[in-house]
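Grab a pencil and have the viewer open. Here are a few exercises to work through, each with a solution you can check yourself against.

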Amino acid sequence: MNIKDVLSPFTAWKRVARDPVTVKDPFNDRPGADRYRGFHKNDVEACIGCGTCEDICENEAIDLVPFKDPISGDSGLRPSIDYGRCCWCALCVDVCTTNSLTLSNEYTWVATDPDEFIFTPGVDKKDWDENEKGWKKPEGNYEFYGLKRVEMEHLHPEERSDSFIEMVKGYSKEQAQKEADRCVECGICTATCPAHMGIPEYIKAIRNDDIEEGLRVLYETNPLPEICGRICTHKCESVCSIGHKGDPLSIRWLKRYIADQVPSDKYKDILDTNEIENNDKKIAIIGAGPSGLTAAHYLVKMGYSVTIFEQFEAAGGMMRYGIPEYRLPYESIDKDINYILSLGVDIKYNTRIGADITLDQLGKDFDAVFSGTGLHLGRSTGIPGSDNEHVYYSTDYLRKITAGEEIEVAESIVVIGGGNVAMDITRSLARMQKVKYGKANIIATSLEKEDVMPADREEVVEAREEGAIINPGWAPQSIEIKDGVPTGLHVVECNSLFDETGRFNPQCSMDVKEFWPGVQIIESIGQGMDLSYISEEFKENMAFSPRGRVETNDYFQTGVKWFFMGGDIIEGPDVIHGIANGHKAAIGIDNFIQGIDFKAAK
Amino acid sequence: MKDLIKDIESRFKTSDYIQKLDHLAFITVEKEQAISLVTYLRDYRKYAGLTLLTAVDWLEDGVFQLTYLLNNPTDYTEIGVRVMIDRDNATMESSHHLWENMMTYQRELREMFGIDFPGSPRIEEDFILEGWDNMPPYRRDFDTKKYAEETYFPRPGRESNDPATYMKSKMYPND
């Protein structure tokens, strides 16, 4: 032992008078730094349970557990954290689509039961729930997914305002993959889509550049992807989780991208429908609209012999005769429909049930009948002057434009209606005016104010770009007629549509008046159904609601067991509901023919 | 620091000089000259403090990037010396003789990235991953999520739900 070893311990005495470097008082709080990553907090009202936090967690620390019943746009699940696994990296916070998940700066918590360290922030109340400090995703700076959608190229207004050429150009491969890359695959959208399409799956196929797989996913639930990829009401986009922080995914355009990439002659190989085994059962379908075509597609794939009866000379229903060509070109309609017909579906054009063949006869000749006859009848406002011969229904006019019939296009036109059909006729006639007179002179109005107009926002914007005047918030009072010809529409300001009980009861300022000149008036305030092909005797066996709507079960079976109805008559009106109805009715018809109990059916 | 960089560039095979902040610069040096440069900085340019030694896995480029971050306690500047080493032959000359704590960093890098520093004391001892029997976990091709799933599950009392499947079961079970 040397002297140093003896003296060393005493060197510590030289520090005896210094301030200690340790904490003086362990009983007082020692808060984490302002941006410390401590225990989680979750604003459970803002959270939609998309599970992106769970997906990104490299440590499998997060589970999604039930919090409430799911609704459209909210899975009802909330993240539960296992603090035995959490490494406090905060990736879950940074990826959160709603910014609901944050970290407090609280890092000390004592519990004796290890299971207490698994809890659901925001649901299981904790002392730090109100703690404002801690880690939040910094605004801007960086994002884990693109918040801006890849812009879709449109024809410029001056290029499109005098033609019916398709105005939306479609994504290139590069654009589609870039847009698909923004998807977090949460699947929140699937429940909101009436057809419950496998949206994350087909977007993933785009990302993987596997278009064939994408097409297969589309056809699992939707046999009209070219059409839906253009004109679907895309309710899915309204609930897209990315939409909470940025632009929702362009789900509709991505669907169109897949369908556009595959040539018609490849469909059967990709969808494995070159050979379908037939059974000996026959199904009749009334109307070649979205629901009828969809039912036909799924039934023929099940092996049924399917015959469609169509009153017009071409198939498509409202998709062909209601939606203008600049939004939905005929070749896109034909591509979808021709594939369905190529599977062996027989179609009899220019055949009207009730006139050419009775419904009862169909019942005798076929094992089951599906009807999707839609809403084709125009509705009138009934205001004075509306019975004039120069006052038309939009549905008739749109059909005539498609059929190429000669129609009156006046120099000045007023359209009554603020829905998408009203925008369709307004924009179609504006184009025709431009060709005929060199400029558009058309005004459309609705009872609803601009912010609650039923038409899609883009329709209103684009109509204006094309020279139409859209002036919402007015109630039509009368059509001025002079020498048998309209001279214009009298309107008063409409302030509200519904009373306190939610009943339709428009309130107007009768002293705020306007007169809009127009020698032609188009009414576009909704459509009605034509059930004249169903005899009164037949109807007695069907069920109707007090308001006269046909009632069906979950599989669209009416009171007459072999008679199924779907599409706009039952739900909607829009194409995607028709597709959903047609698909489910096909399953219902299969169950009916096989004698499977519907309630047990899946 | 510009003079220092000029001096370094005249003596060593360097590239990619970045002045990140007024007091913080990075420079990349050829592997065989790296320890010489670090030694020169320590002994002749007053960068006597070792702030840290760390690594980045540039998987796509097939290299690991080592960064020797040194500090000058007299003027409070820092310089990061970067070295690219082959990912398939992840071996680097040891510099434990320059700083006593270097051996600890080298042990850590061997365990977490699988980068060897032959001759470094206790280099083969476990660092923090006692009993680890898998790919070094900081390598980017190590699938942390898969490892966590396989190693820690099922844990009693934990159960998760897929949003789309859960919504289907509750909202439209018959479809």
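What follows is a set of exercises on this predicted model, each with a worked solution.

**Exercise 1. Get the overall picture of chain A: how many helices and strands are there, and what does the C-alpha trace span?**

Start with the secondary structure: chain A has 21 helices and 22 strands. Next, look along the principal axes, where the C-alpha trace spans about 125 × 65 × 50 Å. Then turn to burial: 46% of the 602 residues of chain A count as buried. Finish with the contacts in chain A between residues at least 6 apart in sequence; 72% of these join residues at least 24 apart.

**Exercise 2. Work out how helix 8 and helix 11 of chain A are arranged: what is the crossing angle of their axes?**

Two packed helices are described by the angle between their axes and the distance between the axes, so we want both. The axes of helix 8 (residues 211–221) and helix 11 (residues 251–261) of chain A come within 9 Å and cross at roughly 115°. Since 65 to 115 degrees counts as roughly perpendicular, that is the label for helix 8 of chain A relative to helix 11 of chain A. As for handedness, helix 8 of chain A passes helix 11 of chain A in a left-handed crossing.

Now for the residues. Helix 8 of chain A brings Ile211(A), Gly214(A), Leu215(A) and Leu218(A), which meet Lys255(A), Ile258(A), Ala259(A) and Gln261(A) of helix 11 of chain A. Sort them by class and you get 5 nonpolar, 2 polar and 1 charged.

**Exercise 3. Two non-glycine residues have a positive phi, Phe556(A) and Lys46(B). Place each one: is Phe556(A) buried or exposed, and where is Lys46(B) found?**

Take Phe556(A), whose phi is about 65°. Phe556(A) sits in the loop between strand 21 (550–551) and strand 22 (563–565) of chain A. Burial takes 20 or more other C-beta atoms within 10 Å; Phe556(A) has 29 such neighbours, so it counts as buried.

Over to Lys46(B), with phi near 70°. Lys46(B) lies in the loop between helix 2 (34–44) and strand 3 (49–58) of chain B. With 16 other C-beta atoms within 10 Å, Lys46(B) comes out as partly exposed.

Conventions
Residues numbered from 1 in each chain as written. Chains lettered and ligands numbered in written order. Predicted model: local features only at pLDDT ≥ 70, side-chain atom pairs only at ≥ 80, totals over all residues. Helix = DSSP H or I, 4+ residues; strand = E, 2+ residues; numbered from the N terminus. Buried ≥ 20, exposed ≤ 12 C-beta atoms within 10 Å, placed from the backbone. Axes fitted to C-alpha atoms, helices over the stretch in contact; angles between N-to-C directions. Parallel < 35°, antiparallel > 145°, perpendicular 65-115°, else oblique. Left-handed = near helix turned anticlockwise from the far one by under 90°. Contact = placed C-beta atoms within 7 Å. Nonpolar A, V, L, I, M, F, W, Y, C, P; charged D, E, K, R; others polar.
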